[in-house]
Amino acid sequence: MSLETTRELPDYAANLRRLMVRQGWSLAELSLASGIDERTIRGILNGGQRPQNRTLQRLAETLHAPTDELFQDPSVMAHRLFDRATNPVVDEVVVAQPALFRGWTDRDYDALYSRFGVGGALTREGTVAAAKQINRQRRVLDQVALIMETHEADLLASIVETLHKRVCVAVEDETLEDTNPV
């Protein structure tokens, strides 16, 4: 067994355990729901075997998670869990205003949960404002993607390049002002 394989196996195990806990499922329940033998799942949880891709896919589907989540570095997932724990009001806003979050991806939610308001966690108003800003970014990126597939792609690229240069110059100017004492 190579060092690389040894490093990967604990990630499968940690991620599978985390997903099982999130669903509140035991080994037997996961086995029954997925149709995967308990010994196979136990082997994954113990780090004793490298699971086949179709096994990981079936486990992820059963656990209502993207397959990629089984490949995540657990330390990255710890940041995600921390962000969610420190911004509990986000869940309340998501439940209260589901239309605001229609079509959101995990990446969108991660961006929202990782934000902070003045002095700490987001307020309800701050959560709504941040969600609206993320929705605006999503709309603009969708529009850019569409334009980049048309005859206007070169024009858009030159506009974006010009704006980028302006922003970079403005940031450099602000940085210089901050480092020069008055």
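Figure 1. The side chains of Glu161 and Lys165 meet in a salt bridge, with 3.7 Å from N to O; a salt bridge is defined as a side-chain nitrogen of Lys or Arg within 4 Å of a carboxyl oxygen of Asp or Glu. The model is predicted: local features need pLDDT of at least 70, side-chain atom pairs count only at pLDDT 80 or more, and totals for chains, interfaces and linings use all residues. Residues are numbered from 1 along each chain as its sequence is written, and side-chain values use heavy atoms, with hydrogens and water left out. Both Glu161 and Lys165 belong to helix 9, where four residues, about one turn of the helix, separate them. Helices (H or I, at least four residues) and strands (E, at least two) are DSSP runs, numbered from the N terminus. An α-helix has 3.6 residues a turn, so residues three or four places apart point the same way. Glu161 counts as partly exposed because its relative accessibility is 47%, whereas Lys165 is exposed at 51%. In these terms, buried means under 20% relative accessible area, exposed means over 50%, and partly exposed lies in between (1.4 Å probe, protein chains only).

Figure 2. Leu155, Ile159 and Leu163 form a nonpolar patch on the surface, and together they have about 270 Å² of accessible area. Patches are made of residues with over 30% relative accessible area and no salt bridge; like charges are joined within 9 Å, and nonpolar side chains (Val, Leu, Ile, Met, Phe, Trp, Tyr) within 5 Å. Accessible areas come from the Shrake-Rupley method with a 1.4 Å probe, and for residues only the protein chains shown count as cover. Leu163 is placed in helix 9, which covers residues 153–179. With 45% relative accessibility, Leu163 is classed as partly exposed.

Figure 3. At the start of helix 3, a side-chain oxygen of Asp37 comes to within 2.9 Å of the backbone nitrogen of Arg39. Such a polar contact is a pair of N or O atoms within 3.5 Å; within protein, one must be able to donate a hydrogen and the other to accept it, and residues adjacent in sequence count only if both atoms are side-chain atoms. Gly47 follows helix 3 and has a positive phi, near 75°.

Figure 4. Glu38 and Arg42 are joined through their side chains in a salt bridge of 3.5 Å, N to O. Both residues lie in helix 3, four residues apart, about one turn of the helix. Glu38 is partly exposed at 30% relative accessibility, and Arg42 is partly exposed at 37%. Ala28 has its place in helix 2 (residues 27–34). The C-alpha atoms of Ala28 and Arg42 are separated by 9.9 Å, although the two residues are 14 residues apart along the chain. Ala28 is partly exposed, with a relative accessible area of 39%.

Figure 5. Arg124 and Glu92 form a salt bridge in which the closest N and O atoms are 2.3 Å apart. This pair links distant parts of the chain, 32 residues apart: Arg124 is in helix 8 (residues 124–147) and Glu92 is in helix 6 (residues 89–96). Arg124 is partly exposed at 48% relative accessible area, and Glu92 is partly exposed at 39% relative accessibility. The count of salt bridges in the structure comes to five.

Figure 6. The structure holds three aromatic pairs. Phe101 and Trp104 form one that is edge-to-face, at 4.9 Å centre to centre and 75° between the planes. Rings of Phe, Tyr and Trp (its six-membered ring) pair if their centres lie within 6.5 Å; planes under 30 degrees apart count as stacked, over 60 as edge-to-face and the rest as tilted. Phe101 and Trp104 are both buried. Together with Tyr109, Phe101 and Trp104 form one aromatic cluster.

**Figure 7. His64 in a loop.** His64 lies in the loop between helix 4 (53–62) and helix 5 (74–86). The phi of His64 is near 55°, a positive value in a residue other than glycine. His64 is exposed, with a relative accessible area of 63%.
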